Amino acid sequence: MSSNRTRILLHMCCAPCTTYPLQQLRGNWERVIGFYYNPNIHPYREYEKRLSAVRQLAETTGLEVIYRDEYDLENFIRSVVYREQNRCQYCYHRRLEAAARMAAKSKFHAFTSTLLYSRLQKHDLIAEMGESLGKKWGVPFHYEDFRKGWKEGIALAKEMSLYRQPYCGCIYSEKDRFYPATGQKREAE
């Protein structure tokens, strides 16, 4: 294995979305270390369920995880109010920048995100943002289209009995998922 594929930081949006990317990265990198940071999850009980599932995944798979355990409802709301249509862009940027900063500070060879796994996310925006933030922080963004393993990841998550969330994470996505008037009922993440 080449020396530039030694350590990669994997931003984790949730446990189920981590299963397939983790499997893929472990086949190509000497060390994969998780980074869990998701202050956008609402309400708090949902945040706790997702954090617990990540801990379960880490224990089951032997994944070392850096936890940035912050629940920041007020800052999220302040940052997206009146800009709800652009909330995903804000959310991606906040989490990817935290991952890029952590990767640079801890001298990782690259960073990536499980956000690249979900078919329901804005894939091109995530990739573009990751590349830009990688340049800003001086650590390469590892792009990989993990969506090809969507079904395999779901099967792995079920096999491990991981909590599978019914919506992306923020209060607005919860509304989009469950409130019939929005007309946007989406499948579970």
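At what angle do the axes of helix 1 (residues 16–26) and helix 6 (residues 150–159) cross, and within what distance do they come? I looked this up in what is a predicted model, and I found that the two axes come within 8 Å and cross at roughly 115 degrees. I therefore noted helix 1 and helix 6 as roughly perpendicular to each other, and I recorded the crossing of helix 1 past helix 6 as right-handed.

I then listed the residues behind this contact: Pro16, Thr19, Tyr20 and Gln23 on the side of helix 1 meet Glu152, Gly153, Leu156 and Ala157 on the side of helix 6. Sorted by class, the contact of helix 1 with helix 6 holds four nonpolar, three polar and one charged residues.

Next I turned to helix 4 (residues 87–105) and helix 5 (residues 123–137), which pack at an angle of about 35 degrees with their axes 9 Å apart. Here too I noted the handedness, and helix 4 passes helix 5 in a right-handed crossing. From helix 4 the contact draws on Gln89, Tyr92, His93, Leu96, Glu97, Ala100, Arg101 and Ala104, while helix 5 contributes Leu125, Ile126, Met129, Gly130, Leu133, Lys136 and Trp137. I counted nine nonpolar, three polar and three charged residues in the contact of helix 4 with helix 5.

The peptide bond from His42 to Pro43 is cis, with omega near 0 degrees, and Pro43 sits in the loop between strand 2 (31–36) and helix 2 (44–61). Lys107, which is not a glycine, has a positive phi of about 60 degrees; Lys107 lies in the loop between helix 4 and strand 4 (110–113) and counts as exposed at 65% relative accessibility. Ser161 has a positive phi near 55 degrees, is found in the loop between helix 6 and helix 7 (171–178), and counts as exposed at 56% relative accessibility.

Technical notes: Residues numbered from 1 in each chain as written. Predicted model: local features only at pLDDT ≥ 70, side-chain atom pairs only at ≥ 80, totals over all residues. Heavy atoms only, no water. Axes fitted to C-alpha atoms, helices over the stretch in contact; angles between N-to-C directions. Helix = DSSP H or I, 4+ residues; strand = E, 2+ residues; numbered from the N terminus. Left-handed = near helix turned anticlockwise from the far one by under 90°. Contact = heavy atoms within 4.5 Å. Nonpolar A, V, L, I, M, F, W, Y, C, P; charged D, E, K, R; others polar. Parallel < 35°, antiparallel > 145°, perpendicular 65-115°, else oblique. Buried < 20%, exposed > 50% of the residue type's maximum accessible area, 1.4 Å probe, protein only.
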